[in-house]
Amino acid sequence: MLYVLICKDKINSEELRKEVRPNQLHYLQDFDIKLAGPILSDDQQTMLGSLILLECDDKAAAETFASDDPYNIAGRFGSVEIW
């Protein structure tokens with residue numbers, strides 16, 4: 001089943017993103033990611049969050065994916081919505 005994750009960044013988390021990004025990219029390799037990318041502000045420069053389209057067995061697996069995400073563990077995300 002496909003799940004959409006909308007991960008909204010905390011304000012001023014850009015440096016944290018840069019620091020954790022290598023761990024994040026490594027983490028994503030173990031999952032069936034159909035689409036992933038940034039959510040940008042109207043200026044097309046400022047990152048506001050991330051959108052991930054994830055295939056997994058059920059919503060509980062999507063929730064585990066989100067909670068174990070290195071960005072989430074590091075405190076980058078202000079909120080995560082799973083649909």
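Tutor: Here come a few words on the model, then questions and answers.

Tutor: This is a predicted model, where local features need pLDDT of at least 70, side-chain atom pairs count only at pLDDT 80 or more, and totals for chains, interfaces and linings use all residues. Residues are numbered from 1 along each chain as its sequence is written, and side-chain values use heavy atoms, with hydrogens and water left out.

Student: Is Asp 9 buried or exposed?

Tutor: Asp 9 sits in strand β1, residues 2–9. Strands (E, at least two residues) and helices (H or I, at least four) are DSSP runs, numbered from the N terminus. Buried means under 20% relative accessible area, exposed over 50%, and partly exposed in between (1.4 Å probe, protein chains only). The value for Asp 9 is 14%, so Asp 9 is buried.

Student: Which side chain makes a polar contact with that of Asp 9?

Tutor: A polar contact is a pair of N or O atoms within 3.5 Å; within protein, one must be able to donate a hydrogen and the other to accept it, and residues adjacent in sequence count only if both atoms are side-chain atoms. Here the two side chains are joined at 2.7 Å. The partner of Asp 9 is Arg 76.

Student: Is Leu 2 buried or partly exposed?

Tutor: Leu 2 is also in strand β1. Beyond four places in sequence, Leu 2 touches residues including Lys 34 and Trp 83; contact means heavy atoms within 4.5 Å. Its relative accessible area is 45%, so Leu 2 is partly exposed.

Student: Where in α1 does the kink lie?

Tutor: Helix α1 spans 14–28. The bend at a residue is the angle between axes fitted to the seven residues ending there and the seven starting there. The kink is about 55° and comes shortly before the proline Pro 22. It lies at Val 20.

Student: What covers the buried residues of α1?

Tutor: The buried residues of α1 include Arg 17, Val 20 and Tyr 27. Their cover includes β2, β3, α2 and α3.
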